Amino acid sequence: MEDAQETGELDYVNGAALVRYSIAGNFLGLPAVTVPVGYDKLGLPIGIQFIGKPWSEAKLIQIAYAMEALCEAEYKKPQVFYDLLGEC
């Protein structure tokens with residue numbers, strides 16, 4: 001794991017551990033959305049993932065919108081930021 005912090009590379013075991021909760025949703029084709037909710041002690045972003053029943057995309061979007069509204073005050077703009085949706 002220390003090598004991963006220096007080089008950004010992960011071995012298979014650590015990589016699998018990071019995605020263990022999303023594999024079932026991907027395998028079954030369930031809709032999912034991830035929302036940023038804050039930052040850890042080091043300032044790294046933390047997110048929460050919601051996985052829904054089949055064909056529940058509309059409900060997931062509503063949940064994500066509500067969660068973003070609750071957490072929006074905590075969001076920080078990164079040092080390097082490009083507003084791709086802003087005025088051209």
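Visitor: Let's start with serine 56: is this residue buried or exposed?

Guide: Keep in mind that this is a predicted model. Buried means under 20% relative accessible area. Serine 56 has a relative accessible area of 16%, so this residue is buried.

Visitor: Zooming out, how many helices and strands does the protein chain have?

Guide: Four helices and two strands. Following the sequence, you read the pattern α-α-α-β-β-α.

Visitor: What share of the residues in the protein chain is buried?

Guide: Of the 88 residues, 15% are buried. As for the accessible surface, the chain has about 8000 Å², and carbon and sulfur atoms contribute 60% of that.

Visitor: How do I read the contacts along the sequence?

Guide: Take the contacts with a separation of 6 or more: 34% of them are between residues 24 or more positions apart.

Visitor: Now the rings. How many aromatic pairs are there?

Guide: Ring centres have to lie within 6.5 Å to pair. By that rule, the count is zero.

Visitor: Then what lies over the face of tyrosine 39?

Guide: A charge counts as over a ring if, for Lys, NZ is within 6 Å of the ring centre and within 35 degrees of the ring normal. In this model lysine 76 lies over the face of tyrosine 39, 4.5 Å from the ring centre.

Notes: Residues numbered from 1 in each chain as written. Predicted model: local features only at pLDDT ≥ 70, side-chain atom pairs only at ≥ 80, totals over all residues. Heavy atoms only, no water. Phe/Tyr/Trp six-rings, centres within 6.5 Å; stacked < 30°, edge-to-face > 60°. Buried < 20%, exposed > 50% of the residue type's maximum accessible area, 1.4 Å probe, protein only. Contact = heavy atoms within 4.5 Å. Areas by Shrake-Rupley, 256 points an atom, 1.4 Å probe, with all protein chains shown as cover.
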